[in-house]
Amino acid sequence: MIAFIEGKVAEKNPGELVINAGGVGFSLMCSSTTLAAAPGKDEIWRCYTVMNVREDAMELFGFATRQERAMFKRLCAVTGVGAKTALGILSAMPLRELSVAIVTGDVTALSRAPGIGKKTAQRIVLELKDKVEQQDISAAGVPAPAAAPAGSAQMEAQAALQALGYTAAEAARAINLVRDQAQTTDQLIMLALRQIGSL
């Protein structure tokens, strides 16, 4: 497997990034998020990759971060979600929002992605809800220290939920419901998000 490709950006086209590495132009299928993160032409860049081999084609997918690549793999493992559909989902919303939608069971948000109907969105939630990691949710800067005193952890978790777009009242209510189930900030965030999704 090719873990990553590092070289000069040769081309940036809709849905595609071409990287010149060692005199070879690698065509990478990318999400709009990765394309936006990529630098300009002739600048050096590292792109994390996944190779998809089919009977009729070999495709190379590129990602700006390891977290996005990991989510791509998880999505591809869902029944009925292919590589191009997974890429479309990653293009439809930032990784943090996608992770929150999965954890909270927000089928409506997932259904906005191209090619994703309500049933497929429900299947994504069902199969990935317990697999989405805290690092996916905190990838965009939501704080989640490994450990903190209980009171501090609750305040930090509430601040993180508010950073994700929930009101202070919603965040406080969710944290209050799960505060006795965890001690660390990251655990509180995950439990609170699931609690909000079930309300």
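**Helix packing in a predicted chain**

Let me start at one loop, the one between α1 (32–37) and β4 (44–53), because that is where D42 has its place, with helices (H or I, at least four residues) and strands (E, at least two) taken as DSSP runs and numbered from the N terminus. The phi of D42 is near 75°, which is a positive value in a residue other than glycine.

Before going on, please keep in mind that this is a predicted model, in which local features need pLDDT of at least 70 and side-chain atom pairs count only at pLDDT 80 or more, while totals for chains, interfaces and linings use all residues. Residues are numbered from 1 along each chain as its sequence is written, and side-chain values use heavy atoms, with hydrogens and water left out.

As for the chain in outline, there are ten helices and five strands. Of the 199 residues in the chain, 41% are buried, where buried means under 20% relative accessible area, exposed means over 50%, and partly exposed lies in between, with a 1.4 Å probe and protein chains only. If we take the contacts (heavy atoms within 4.5 Å) between residues at least 6 apart in sequence, 53% of them join residues at least 24 apart.

Helix α2, residues 66–76, packs with helix α3, residues 83–92, at an angle of about 130°, and their axes are 9 Å apart; the axes here are lines fitted to C-alpha atoms, for helices over the stretch in contact, and the angles run from 0 to 180 degrees between N-to-C directions. That angle makes α2 oblique to α3, given that angles under 35 degrees count as roughly parallel, over 145 as roughly antiparallel, 65 to 115 as roughly perpendicular, and the rest as oblique. The crossing of α2 past α3 is right-handed; a crossing is called right-handed if the near helix is turned clockwise from the far one by less than a right angle, and left-handed if anticlockwise. On the α2 side the residues that meet α3 are E68, M71, F72, L75 and C76, and their partners in α3 are A83, A86, L87, I89 and L90. These contact residues divide into nine nonpolar, no polar and one charged, where Ala, Val, Leu, Ile, Met, Phe, Trp, Tyr, Cys and Pro count as nonpolar, Asp, Glu, Lys and Arg as charged, and the others, Gly among them, as polar.

What is the angle at which α2 and α4 pack? It is about 40°, with the axes of the two helices 11 Å apart, and α2 and α4 are therefore oblique to each other. Here α2 passes α4 in a left-handed crossing. Q67, E68, M71 and L75 in α2 meet L95, L98, S99 and I102 in α4, and the residues of this contact divide into five nonpolar, two polar and one charged.

Helix α4 itself is mostly covered, with eight of its ten residues buried, namely L95, L98, S99, V100, A101, I102, V103 and T104. Just after α4 comes G105, which takes a positive phi of about 70°.

Turning to α6, residues 118–128, the buried residues of this helix are T120, A121, I124, V125 and L128. Seen down the axis of α6, these buried residues fall within an arc of 140°, so they line one face of the helix; the arc is that of the directions from the helix axis to the C-beta atoms. They pack against α2, α3, α4 (95–104) and α5 (107–111), whereas on the other side of α6 the residues K118, K119 and L126 are exposed.

I will finish with three single residues. R74 lies in helix α2 and, at 13% relative accessibility, counts as buried; R74 and K131 are 57 residues apart in sequence, yet 8.1 Å apart in space, C-alpha to C-alpha. S111, in helix α5, is partly exposed, with a relative accessible area of 25%. Leaving aside neighbours within four places in sequence, S111 is in contact with I116, G117, K118 and A121. Finally, A37 in helix α1 is also partly exposed, at a relative accessible area of 44%, and, not counting residues up to four places away in sequence, A37 touches W45 and A64. Between A37 and A64 there are 27 residues of separation in sequence and 6.6 Å in space, C-alpha to C-alpha.
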